[in-house]
Amino acid sequence: MRWKGRRESNQVEDQRASGGSFGGGGASPLALMAIFSRLGVKGTIVVVILGLIVWKVFGINPLAVVGGQSLSQQTAQPYQETAEDAQTRQMVQVILADTEDTWQQIFASSGQQYQKPTLVLFRNGVQSGCGTAQSAMGPFYCPVDQKVYIDLSFFQQMRQQMGISGDQQNSSETTRNDQAGDFAEAYVIAHEVGHHVQNLLGISTKVQQARQQASESQSNALSVRQELQADCFAGVWANHNQQRTQFLQAGDVEEAMDAAHKIGDDYLQKQATGHVVPDSFTHGTSAQRSHWFNTGLKTGDINQCDTFNASQL
Ligand SMILES: [Zn+2]
């Protein structure tokens with residue numbers, strides 16, 4: 001995939017320095033023991049009771065107050081961006097800018113205005129408008145704050161799963177000017193932005209309302225259709241972006257399909273449990289994901305992405 005030299009989005013919020021230490025910036029057990037040993041048993045009991053009152057009445061976590069600024073500064077590990085992470089971040093910024101330009105164009109063509117989402121980079125864990133999230137959950141979009149959340153370590157895992165070694169990543173003799181696997185990463189970003197587009201078009205709200213009145217299996221089926229539409233929207237983006245920037249290189253789409261296959265629910269479930277439970281699918285099978293991405297890619301038309309009324313997924 002070609003991505004260097006294009007505009008980088010400024011809609012990126014870098015929270016990697018906080019490293020998921022939110023809510024954990026309180027006192028360490030050692031510091032607490034030091035404080036309590038100075039207070040003695042009675043003093044400690046008084047302080048704990050006072051602390052509980054403060055907690056109940058004012059909603060302030062006394063441990064966080066005791067911990068204070070200096071302690072959390074001592075324990076926080078400063079984040080140093082590696083050269084590899086800097087490269088990935090730049091790629092993310094370029095792809096995000098690509099999605100902005102493409103969706104702006106598509107929205108404008110039907111007389112609508114596209115509102116750009118924010119992309120949050122985080123490590124370990126993050127506080128989002130949709131609640132606390134851990135990196136293990138993978139990238140996600142929160143419709144409440146209109147932000148895409150990504151821990152770049154997900155891309156490392158994906159490269160490993162796709163069997164891309166460090167050698168291949170750094171190889172300069174290949175025809176591609178960038179890393180192997182990078183279009184698969186772009187596809188992940190485009191999929192999350194696809195959820196943002198669903199949100200802007202009012203689709204997410206409708207699905208959420210329908211899911212509230214549905215049985216668990218019906219609700220999962222709706223979720224699958226929503227996910228497959230986000231894949232289709234990612235394909236629509238790739239189609240338009242190709243016309244605009246000629247960014248695709250030989251093998252890129254196969255690469256993304258391979259990634260879609262490996263992050264398809266059936267694959268992940270097989271990996272995890274050795275068997276597949278179709279009723280609990282929330283993302284669709286690998287074949288379905290490939291099909292809908294390709295539908296978007298070939299047609300470049302969001303009207304072809306009506307997964308909700310498709311008789312066959
Ligand atoms: Zn999704």
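This is a predicted model: local features need pLDDT of at least 70, side-chain atom pairs count only at pLDDT 80 or more; totals for chains, interfaces and linings use all residues.
View 1. Which arrangement do the rings of Y187 and F293 adopt? They form an edge-to-face aromatic pair, with 5.0 Å from centre to centre and 75° between the planes. The pair links distant parts of the chain, since Y187 belongs to helix α6 while F293 belongs to helix α11 (residues 286–299), 106 residues apart.

View 2. Nine aromatic pairs are counted in the model. One of them joins W103 and F107, whose rings sit edge-to-face at 6.4 Å centre to centre, with 85° between the planes. Here both partners lie in helix α3 (residues 83–109), and the four residues from one to the other make about one turn of that helix. Are W103 and F107 buried or exposed? Both W103 and F107 are buried.

View 3. Which residues coordinate the zinc ion? The donors are H191 and H195, each through NE2, together with E227 through OE, at 1.9 to 2.1 Å. Along the sequence, these donor residues follow the spacing H-x3-H-x31-E. Look along helix α6 (residues 182–200) to find H191 and H195 four residues apart, about one turn of the helix. Both histidines, H191 and H195, are buried.

**View 4. R7 and D101, a salt bridge between separate parts of the chain.** Twelve salt bridges are present in the structure. In this one, the side chains of R7 and D101 come together at 3.0 Å, N to O. R7 sits in the segment before β1 (12–14) and D101 in helix α3, so their pairing ties together parts 94 residues apart in sequence. R7 is partly exposed, at 38% relative accessibility. D101 is also partly exposed, with a relative accessible area of 22%.

**View 5. D101 again, now with R244.** D101 has another salt-bridge partner in R244, at 3.5 Å from N to O. Salt bridges with shared partners bring R6, R7, D98, E100, D101 and R244 into one network.

**View 6. R16 and E81, a salt bridge from loop to loop.** The closest N and O atoms of R16 and E81 are 2.6 Å apart in this salt bridge. R16 lies in the loop between β1 and α1 (29–58), and E81 in the loop between α2 (62–75) and α3, so the pair ties together parts that are 65 residues apart in sequence. R16 is buried at 3% relative accessibility, whereas E81 is partly exposed at 30%.

**View 7. The whole chain, for orientation.** Eleven helices and six strands make up the secondary structure of the protein chain. Of its 313 residues, 45% are buried. Among contacts between residues at least 6 apart in sequence, 75% join residues at least 24 apart. The accessible surface comes to about 16,200 Å², with 52% belonging to carbon and sulfur atoms.

Technical notes
Residues are numbered from 1 along each chain as its sequence is written. Side-chain values use heavy atoms; hydrogens and water are left out. Donors are N, O and S atoms within 2.8 Å of the metal (3.2 Å for Na, K and Ca); water is not among the atoms, so sites may look incomplete. Helices (H or I, at least four residues) and strands (E, at least two) are DSSP runs, numbered from the N terminus. Buried means under 20% relative accessible area, exposed over 50%, partly exposed in between (1.4 Å probe, protein chains only). Rings of Phe, Tyr and Trp (its six-membered ring) pair if their centres lie within 6.5 Å; planes under 30 degrees apart count as stacked, over 60 as edge-to-face and the rest as tilted. Contact means heavy atoms within 4.5 Å. Accessible areas come from the Shrake-Rupley method with a 1.4 Å probe; for residues, only the protein chains shown count as cover. A salt bridge is a side-chain nitrogen of Lys or Arg within 4 Å of a carboxyl oxygen of Asp or Glu.
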